[in-house]
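Hi,

Here is the structure I promised to pass on. Have a look, and my notes follow below.

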Amino acid sequence: MIGRLPTGPHNAITDVPGVRVGHTTLRRPPRVHSGVTAVLPGAVGPDRPLSAGVFTGNGYGKLIGTTQLAELGTLETPLVLTSTLSAFRAADAVVSWMLGRPEGRRAQSLNPVVGECNDGWLSDIRTRPVREEHVRAALDGATDGPVAEGCVGAGTGMGALGFKAGIGTASRTPVAAGRPVTVGVLVQANFGGTLRVLGHDVTPDTLGLPGARPAEPVPETGSCMILVATDAPLDARQLTRLARRAVFALARTGAAYGHGSGDYAVAFGTARPGSGTVPDSALGPVFEAVLDAVEESVLNSLLAAQTTTGLHGRTLHALPTDFLHRLPPRPRPHR
């Protein structure tokens, strides 16, 4: 576990009360490795929006719905993650799903929030395999409790830091202003850089993985989508501060924040009006919780993934679960 703060019971974003997660995985080897992940914060809707904030670390991406999210500081639909060229179909599917539910029965306007990462290294992205029924299945199948990680849903075709990656999640339970709160994180990890653990750079080559080459990269055209949920009573400005820390946390893992990477975080709060607001001076433990949970979520996305061979015979290796034992002794500082 990363850091000193305790986790929630499932060490997942679903530890925040009311938050559910659903996946639809599309796998037709070797050409298709894609899918959808949906995060549902209760019965959110245009008549029952939640406070939210968004932060862009590097904006080479298609985070649909971001301008209204930033302008109004409110979230009115579930959040959906998918593949880059399928994001627009997914947004339309979210609108259709919401209009058919009680939460959207009077809607004349709707702002779906859909994030994406590019799975074109392993999957035939131009076929746009994600359809409306796949988005609906992820939304309808969302549950609380444990969350599947690695090569599932929107993480099926993803790779990060030189390894096969995907979906990762974690939670922390800090105390803010004298009250226990929960912070949950879910990542769709697909970004470049070199994995850094305990002072070591970790690559497929240094771990001696079969067929690995010293410079076998995940293309820089990847991204990372980070979703942060909390039951701490925070306003949109404070949630934007959490979203910033979520993107900052990627640096702990060795993220490159490259030109072609879309690094985004959306943070939302489930507390309803009337529950007060945590003062800014008491946010330190919540910031710490976000940093630790994002770092652990990325590591979980790597450790839960499976080696995958996809389009054109390209292979991304899973990070071995015993990789810590393969590292040389930690470097001693020079005196």
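Helices (H or I, at least four residues) and strands (E, at least two) are DSSP runs here, numbered from the N terminus. On that basis the chain has six helices and 18 strands. Its radius of gyration (over C-alpha atoms) is 19 Å, close to the 20 Å from the globule rule (2.2 Å times the number of residues to the power 0.38) for 335 residues, so the chain is as compact as a globular protein of that length.

Two notes on reading this: it's a predicted model, where local features need pLDDT of at least 70, side-chain atom pairs count only at pLDDT 80 or more, and totals for chains, interfaces and linings use all residues. Residues are numbered from 1 along each chain as its sequence is written, and side-chain values use heavy atoms, with hydrogens and water left out.

Now the cysteines. How many disulfides are there in the whole structure? The search finds zero, a disulfide being a pair of cysteine sulfur atoms within 2.5 Å. For Cys 117, the closest cysteine sulfur is in Cys 224, 6.2 Å away, which is too far for a bond. Cys 117 is buried at 0% relative accessibility, and Cys 224 is buried with a relative accessible area of 0%.

Cheers

Key: Buried means under 20% relative accessible area, exposed over 50%, partly exposed in between (1.4 Å probe, protein chains only).
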